[in-house]
Amino acid sequence: METCYINSPLGVTKIEGDINGIASVSVLNNEEKISDIIPEVLEDCVLQLNEYFQGTRKEFSLKLNPQGTLFQERVWEALKTIPYGKTTSYLTLSKQLGDVKAIRAVASANGKNPLWIIVPCHRVIGSDGSLTGYAGGLHRKQWLLEHESPYKQQSLF
């Protein structure tokens, strides 16, 4: 498994993967040395993440290889259907997966998503529109949703 660390607007980002695909992308809460050399199998992921942060990429086209239970993988696949700039609720997602009572299991699987941003778990919010639960921190979730918003807030000063 190859690993690299890159800078992002939200902190140091750790990327892991191999020839089978990208296994994990996570934002760290601690400092880590930025990689001088990006392993070849991770180069496209680094490029696409940088394009996303620059605002020129709205969809990712990477070979992915996250590891989880069958249920988690079903939830992660459903997350990939949420369009850029849109949100859904945990309740809607559980209905989409066929079991309205699975809302807590859906939320748990969402929280275990190993592919930060690429599998857009940040696009899932509470039914009341609140920014609930986010492994990377609610400040990052808010930033990502604002970054993807078609309505950019301009500063008055």
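**The core, the sheet and the helices around them**

Within the largest nonpolar core, which has 35 residues, the members that touch the most others are Ile-15, Val-25, Leu-79 and Trp-116. A nonpolar core is here a set of buried Ala, Val, Leu, Ile, Met, Phe, Trp, Tyr and Cys residues joined through side-chain atoms within 4.5 Å; buried means under 20% relative accessible area, with a 1.4 Å probe and protein chains only. Two or more residues are given to this core by each of β1 (2-8), β3 (21-27), α1 (43-54), α2, α3 and α4. Helix α1 provides the largest share, five residues. These helices (H or I, at least four residues) and strands (E, at least two) are DSSP runs, numbered from the N terminus.

The model is predicted: local features need pLDDT of at least 70, side-chain atom pairs count only at pLDDT 80 or more, and totals for chains, interfaces and linings use all residues. Residues are numbered from 1 along each chain as its sequence is written, and side-chain values use heavy atoms, with hydrogens and water left out.

The strands may be considered next. Strands of a sheet pair through backbone hydrogen bonds, either parallel or antiparallel. In this model, three strands form an open sheet in the order β1-β2-β3, with antiparallel pairing. Because β1 and β3 stand at the edges, each with a single partner strand, one side of each is left without a neighbour in the sheet. From one strand to the next, the twist averages 20 degrees. Two strands count as paired if DSSP finds at least two bridges between them. Seven bridges join β1 and β2, and these two strands form a hairpin with two residues between them. Cys-4 stands opposite Ile-15 in β2. Strand β2 (residues 11-18) pairs with β3 over six bridges, and Thr-13 has Val-27 in β3 as its bridge partner.

Val-25 links this description back to the core. Leaving aside residues up to four places away in sequence, Val-25 touches Thr-13, Lys-14, Ile-15, Cys-45, Leu-49, Pro-114, Leu-115, Trp-116 and Ile-118, where contact means heavy atoms within 4.5 Å.

Helix α1 lies across β1, β2 and β3 and runs at about 15 degrees to β1. Such angles run from 0 to 180 degrees between N-to-C directions, the axes being lines fitted to C-alpha atoms, for helices over the stretch in contact.

In helix α2 (residues 70-79), the buried residues are Gln-72, Val-75, Trp-76, Ala-78 and Leu-79. They lie on the same side of α2, because they cover an arc of only 160 degrees around the axis, taken from the directions from the helix axis to the C-beta atoms. Among the elements that cover these buried residues are α3 (90-96), α4 (103-111) and β5 (124-125).

Methods. Buried < 20%, exposed > 50% of the residue type's maximum accessible area, 1.4 Å probe, protein only.
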